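The following exercises concern one protein chain and are to be worked with the sequence and the coordinates at hand. Each task is followed by a solution in steps.

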Amino acid sequence: MSDPAGSKDQFSSSPFSDPYPVSAEQLLRAQDAFIEWSTDMDNALALFVRKYSFDFPRISKALRAFVEHVLQDIDGDEMDCDSLTADACRRRWALLDQMEYERRQQISQQLSVTRQVLETQVAEASTPPKSASSAASSDSAPRLMSSGGGGVPGGGGAARTPARPLPAAAASPPVAS
């Protein structure tokens, strides 16, 4: 699908228009290879980062307690909790944050393109066709007669033609009243 004109301009106003400050490759290389992060650990890390406002020494202590008491005692997972240092938690958080940023960046780009497509469709639907065949058919179209002017009931003036329905509205069945 080609990128409609102007969608890059709309995306540039998004908070996700700039690339993440550190590449994913750098963040992946910085991870501790001996720590196997699970989804449960990632979710707990995200919770503790918000709860303790990026205080990574407190976060690592809370994560170690979570792993020891929940994942090991209840779930039976084996892991060396001493490897969950403040620095390891900070590096893992940076990778998770970068992945979330890129996900939101893709959503923002898709929304920008969708908005541009919709605006183009609305503009095309509201613009009357300029061909000779459509001019002849518009003469036979029913006209709303007002009792007054400018299409306002009670005023004096010219007749109005009804607006064309949008393609989606024209395809849908009428609603019974």
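**Exercise 1. The loop between H2 and H3**

Is Ala 30 buried, partly exposed or exposed? Determine also where Ala 30 lies in the chain.

Solution. The model is a predicted one.
Step 1. Ala 30 belongs to the loop between H2 and H3.
Step 2. Its relative accessible area is 32%. Buried requires a value under 20% and exposed a value over 50%, so Ala 30 is partly exposed.
Step 3. Ala 30 and Ala 94 are 64 residues apart in sequence, and their C-alpha atoms are 9.8 Å apart in space.
Step 4. Arg 29 lies in helix H2, which spans residues 24-29. At 63% relative accessibility, Arg 29 is exposed.
Step 5. Between Arg 29 and Arg 91 there are 62 residues of sequence separation and a C-alpha to C-alpha distance of 10.0 Å.

**Exercise 2. The chain as a whole**

State how many helices and strands the chain has, and what share of its residues is buried.

Solution. 
Step 1. The chain contains 7 helices and 0 strands; read from the N terminus, the order of elements is α-α-α-α-α-α-α.
Step 2. Of the 177 residues in the chain, 28% are buried.
Step 3. Among contacts with a separation of 6 or more, 62% join residues 24 or more positions apart.

**Exercise 3. The nonpolar cores**

Which residues of the largest nonpolar core touch the most other members?

Solution. 
Step 1. The core holds 22 residues, and those touching the most other members are Trp 37, Met 41, Leu 45, Leu 63 and Leu 84.
Step 2. H3, helix H4 (56-72) and H5 are the elements that give two or more residues to this core.
Step 3. A second, separate core has 6 residues, among them Leu 27, Ala 94, Leu 95 and Tyr 101.
Step 4. Take Leu 84 as an example from the largest core. Apart from neighbours within four places in sequence, Leu 84 contacts Ile 35, Trp 37, Met 41, Ser 60, Leu 63, Arg 64, Val 67, Met 79 and Cys 89.
Step 5. For H4, the buried residues are Phe 56, Ile 59, Ser 60, Ala 62, Leu 63, Val 67 and Leu 71. Their cover includes H3 and H5.
Step 6. An α-helix has 3.6 residues a turn, so residues three or four places apart point the same way.

**Exercise 4. A buried glutamine**

Is Gln 98 buried or exposed, and which residues does Gln 98 contact beyond its neighbours within four places in sequence?

Solution. 
Step 1. Gln 98 is part of helix H5, residues 86-126.
Step 2. The relative accessibility of Gln 98 is 2%, so this residue counts as buried.
Step 3. Neighbours within four places in sequence set aside, the contacts of Gln 98 are Tyr 20, Val 22, Ala 24 and Leu 27.

**Exercise 5. The second largest pocket**

What volume does the second largest pocket have, and which element gives the largest share of its lining?

Solution. 
Step 1. The volume of the second largest pocket is about 230 Å³.
Step 2. Its lining consists of Asp 42, Asn 43, Ala 46, Arg 50, Trp 93, Leu 96, Asp 97, Met 99, Glu 100 and Arg 104.
Step 3. Helix H3 (39-51) and H5 each give two or more residues to this lining. The largest share, 6 residues, comes from H5.
Step 4. Sorted by class, the lining has 4 nonpolar, 1 polar and 5 charged residues.

**Exercise 6. Cysteines and backbone angles**

Solution. 
Step 1. A disulfide is a covalent bond between the sulfur atoms of two cysteines. With a cut-off of 2.5 Å between the sulfur atoms, the count is 0 disulfides.
Step 2. Cys 81 is buried at a relative accessible area of 5%, and Cys 89 is buried at 0%.
Step 3. Most residues other than glycine have a negative phi.
Step 4. Ser 53, which is not a glycine, has a positive phi of about 50°. Phe 54, also not a glycine, has a positive phi of about 65°.
Step 5. Ser 53 lies in the loop between H3 and H4, and Phe 54 is placed in that loop as well.
Step 6. The relative accessible area of Ser 53 is 54%, so Ser 53 is exposed.

Terms used: Residues are numbered from 1 along each chain as its sequence is written. This is a predicted model: local features need pLDDT of at least 70, side-chain atom pairs count only at pLDDT 80 or more; totals for chains, interfaces and linings use all residues. Side-chain values use heavy atoms; hydrogens and water are left out. Helices (H or I, at least four residues) and strands (E, at least two) are DSSP runs, numbered from the N terminus. Buried means under 20% relative accessible area, exposed over 50%, partly exposed in between (1.4 Å probe, protein chains only). Contact means heavy atoms within 4.5 Å. On a 1 Å grid over the protein atoms alone, a cavity is a set of points where a 1.4 Å probe fits but cannot get out, and a pocket is an open set with protein on both sides within 12 Å along at least five of seven lines; lining residues have an atom within 4 Å of a point. Grid points are joined across faces, edges and corners, and a volume is the space filled by probe spheres set on the points. Ala, Val, Leu, Ile, Met, Phe, Trp, Tyr, Cys and Pro count as nonpolar, Asp, Glu, Lys and Arg as charged, and the others, Gly among them, as polar. A nonpolar core is a set of buried Ala, Val, Leu, Ile, Met, Phe, Trp, Tyr and Cys residues joined through side-chain atoms within 4.5 Å.
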